[in-house]
Amino acid sequence: MAANIHDQSFSIVFGLLGNILSFFVYLAPLPTFYKIFKKKSTEGFQSIPYSVALFSAMLLLYYAFLKQHDAVMLITINSIGSCIESIYLIFYLIFATKTARINTTKLVIFFNIVALGLIILVTLVFFKGHLRVSIVGWICAIFSVCVFAAPLSIIRLVIKTKSVEYMPFPLSFFLTLCAITWFLYGFSLKDFYIATPNILGFSFGITQMILYLVYRGETKALVLPDSNNKVQLEQFPNANNVQQSTVNQNQEGAMNYGVAGMISNSQVVPSELNV
């Protein structure tokens with residue numbers, strides 16, 4: 001009995017800390033949307049990180065409501081996250097081109113109506129009780145693991161370019177701290193659907209911070225494709241350009257892929273596609 005109370009106290013502390021950290025993580029894309037607002041254009045910025053983040057937050061909300069017990073922390077942060085990601089997507093749609101607006105609408109329909117709706121329908125109709133919770137928990141965990149594979153691309157990019165231009169240290173640090181917090185929260189409740197994916201989260205985060213320490217003194221580089229689709233490095237004293245902004249935007253947006261269970265410092269390689 002005393003052990004259960006002790007574990008519950010720890011889960012409350014870690015849950016509160018996770019909520020605070022995750023809230024600020026959700027706010028990380030604000031500079032991106034300020035740029036969009038100033039230029040009245042989405043330019044090379046993509047919407048897929050926010051579409052996936054909204055899907056993840058809503059999926060975790062469904063899991064939390066099914067779980068019922070010890071789910072308050074999950075419900076609060078993912079409710080907030082769902083609202084924030086929805087605002088980001090609405091803001092994006094206002095300033096997007098017609099093509100980008102259509103593609104973003106398709107993404108939202110696919111993830112948050114078709115995919116989420118199918119998961120809810122199947123689990124409610126064909127499964128009951130603890131089995132239903134377990135299946136949804138496994139879906140959350142598997143999706144999380146897939147998302148956590150994304151940092152491999154930026155790690156590869158850093159090693160290839162020997163530059164940390166695309167991998168800000170503060171962002172990696174706070175995402176690692178956030179992943180550790182949610183791991184401890186899940187572990188204290190013996191909720192391994194929450195705890196297990198975050199092992200990958202803080203592992204990749206620590207790897208990124210080590211790479212930062214190794215390559216932080218190197219010259220900043222901008223990755224450009226040549227005519228043979230090979231990577232070229234072009235040196236810039238300050239590479240504050242569209243491609244770098246696109247990488248940072250994806251880093252800011254994709255890192256929220258489901259806070260409190262799928263928190264991820266996911267990044268993708270530079271792209272000029274408006275998705």
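Trainee: Where is K40 found?

Mentor: K40 sits in the loop between α2 and α3; helices (H or I, at least four residues) and strands (E, at least two) are DSSP runs, numbered from the N terminus. This is a predicted model, in which local features need pLDDT of at least 70, side-chain atom pairs count only at pLDDT 80 or more, and totals for chains, interfaces and linings use all residues. Residues are numbered from 1 along each chain as its sequence is written, and side-chain values use heavy atoms, with hydrogens and water left out.

Trainee: Why is K40 called partly exposed?

Mentor: K40 has a relative accessible area of 47%. Buried means under 20%, exposed over 50%, and partly exposed in between (1.4 Å probe, protein chains only), so K40 is partly exposed. K162, in the loop between α7 (151–161) and α8, is also partly exposed, at 45%.

Trainee: What makes the phi of K40 worth a remark?

Mentor: Phi is about 55 degrees at K40, a positive value, although K40 is not a glycine. Most residues other than glycine have a negative phi. K162 is another non-glycine residue with a positive phi, of about 55 degrees.

Trainee: Why does C83 count as exposed?

Mentor: C83 has 51% relative accessibility, so it counts as exposed. C140, with 3%, is buried.

Trainee: How many disulfides does a search of the whole structure find?

Mentor: The search finds 0 disulfides. A disulfide is a covalent bond between the sulfur atoms of two cysteines, and the test used is a pair of cysteine sulfur atoms within 2.5 Å.

Trainee: What makes D191 and K67 a salt bridge?

Mentor: Their side chains meet at 2.5 Å, N to O. The rule asks for a side-chain nitrogen of Lys or Arg within 4 Å of a carboxyl oxygen of Asp or Glu, so D191 and K67 qualify. By this rule the count comes to 1 salt bridge.

Trainee: Which parts does the pair of D191 and K67 tie together?

Mentor: D191 lies in the loop between α8 and α9 (192–215) and K67 in helix α3, so the pair ties together parts 124 residues apart in sequence. D191 and K67 are both buried.

Trainee: How do you know that N112 is buried?

Mentor: The relative accessible area of N112 is 12%, so it counts as buried. N112 belongs to helix α5.

Trainee: What does the side chain of N112 reach at 3.2 Å?

Mentor: It reaches the backbone nitrogen of F55. That is a polar contact (N or O atoms within 3.5 Å; within protein, one must be able to donate a hydrogen and the other to accept it, and residues adjacent in sequence count only if both atoms are side-chain atoms). Leaving aside residues up to four places away in sequence, N112 touches S51, L54, F55 and M58; contact means heavy atoms within 4.5 Å.

Trainee: Which residues have the most contacts inside the largest nonpolar core?

Mentor: They are F55, Y63, L74, W182 and Y185, in a core of 46 residues. A nonpolar core is a set of buried Ala, Val, Leu, Ile, Met, Phe, Trp, Tyr and Cys residues joined through side-chain atoms within 4.5 Å. Helix α3 supplies the largest share of this core, 11 residues. A second, separate core of 9 residues includes I155, M167, L211 and Y215.

Trainee: How many helices and strands does the protein have?

Mentor: There are 10 helices and 2 strands. Of the 275 residues in the protein, 51% are buried.
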